[in-house]
Amino acid sequence: MQITYVLELLKPTKRKENIFLNNIAEVVKNRQAIAAKLKAGETKLSSSDFKEISLPSAVKNQNIREVKALYKRFLKSNSKKENIEFKENQPICYNNQNYEIDHHIISIPLYTTKCQRFAFPVKQTERFEKLQQHIESGCKLGKASLFYKRGKWYFAVTIKIAAKKTNNSNLMGIDIGLRQLAVASVKNPQGKEINRQFHNGKQAGFIRKKYRMLRRKLGQSKKVKAIKNINDKEQRWMTDLNHKISRQLVNLAVQEKVGTIIMENLENIRNTAKSLNRADRNLHSWTFYQLQQFIEYKAELAGIKVEYINPKYTSQSCSKCNKIKKSNRKANLYSCECGNHIHSDLNASRNIANKYLEQQSA
């Protein structure tokens, strides 16, 4: 499997920083030129088609590959086929033959009057130590990118590592929602629950409401830049929270010797939400997919398999008698005639695990 390590570079000299910025400006210029040729119908492109761009051939070819893939996705999602735009802080991409990591130094090619290699020290962190351990164990380095964000320079490195394998037979069903951002039910192969975990969404709801009110006030004052900064801050907060939730869930899975984590396939959740009330506005903006992705890659690193099931009736079915009745679910409580009175999201997480067990035994 492939993972990415984002490494912070120690602050470069003013001269080196200017070279960085000039190269990034050339990358943006190169990518815009590639997109223009693709729009004109030219698909067979090489570095020689962009002689006016002051970048190494390897970087130009990497840009061509990146823009082609991006342009293909752009056309699928953009029916008007408008011009694709690139931000001013586009990363400079490198393949594994263009950069070197030697102890705490990263060596990369940059263009001044000619193509030269520059060495940059990396901030010594736990993350960098883990990357070094992977390199020493013989793991293969992949694509990397240099980028600038919030006053700091970063180097993102991808590395291929061998996925762990586990023979554990316990299961974990995870229900993802709004009132409870995630509820996990851990079961043994016989279907008996052995542990559970709740992640309340109350704080998240309060923070989201606070940012929404701030945006409204800033919008009335027409402070567009401030709104963007607020959006970026909220996104960072959401990402951090999703990382923490996913880490706690996977830690529980490792502790309870879980071999498979099961979640609902939520690809069409936004399309199936019919009402326009406040909860659904949150539904359309909460990063369900991101949380699932974080759980998935952390689970894979621990050797735990991740499966997805159809979410149909997981919230309406009774996890004890399997009877389907929509009215049984009221707010946070699921109450069935068979005597099953439990938290509605815990009921759903049990159903997710049960549904997978049924599919396996069928």
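I began with Ser57, which counts as partly exposed because its relative accessibility is 43%, between the 20% limit for buried and the 50% limit for exposed. I kept in mind that this model is predicted.

Next I looked up where Ser57 sits: it belongs to helix α2, residues 57-77. I also checked its separation from Ser47, ten residues away along the chain, and found 5.5 Å between the two C-alpha atoms.

Then I turned to α8, which runs over residues 288-301 and has 14 residues. I noted 20 Å from its first C-alpha to its last, close to the 20 Å expected. After α8 I came to Gly303, where phi is positive, near 80°.

Which residues of α8 are buried? I listed Phe288, Gln290, Leu291, Gln292, Phe294, Ile295, Lys298 and Ala299.

My last entry is on a helix pair. I needed two values, since packed helices are described by the angle between their axes and the distance between the axes. For α5 (residues 224-255) and α8, I found axes that come within 9 Å and cross at roughly 40°. That angle makes α5 oblique to α8, and the crossing is right-handed.

Which residues make the contact? From α5 I wrote down Met238, Thr239, Asn242, His243, Ile245, Ser246, Arg247, Leu249 and Val250. Sorted by class, the contact of α5 with α8 has nine nonpolar, five polar and two charged residues.

Conventions: Residues numbered from 1 in each chain as written. Predicted model: local features only at pLDDT ≥ 70, side-chain atom pairs only at ≥ 80, totals over all residues. Heavy atoms only, no water. Helix = DSSP H or I, 4+ residues; strand = E, 2+ residues; numbered from the N terminus. Expected span 1.5 Å × (residues − 1). Buried < 20%, exposed > 50% of the residue type's maximum accessible area, 1.4 Å probe, protein only. Axes fitted to C-alpha atoms, helices over the stretch in contact; angles between N-to-C directions. Parallel < 35°, antiparallel > 145°, perpendicular 65-115°, else oblique. Left-handed = near helix turned anticlockwise from the far one by under 90°. Contact = heavy atoms within 4.5 Å. Nonpolar A, V, L, I, M, F, W, Y, C, P; charged D, E, K, R; others polar.
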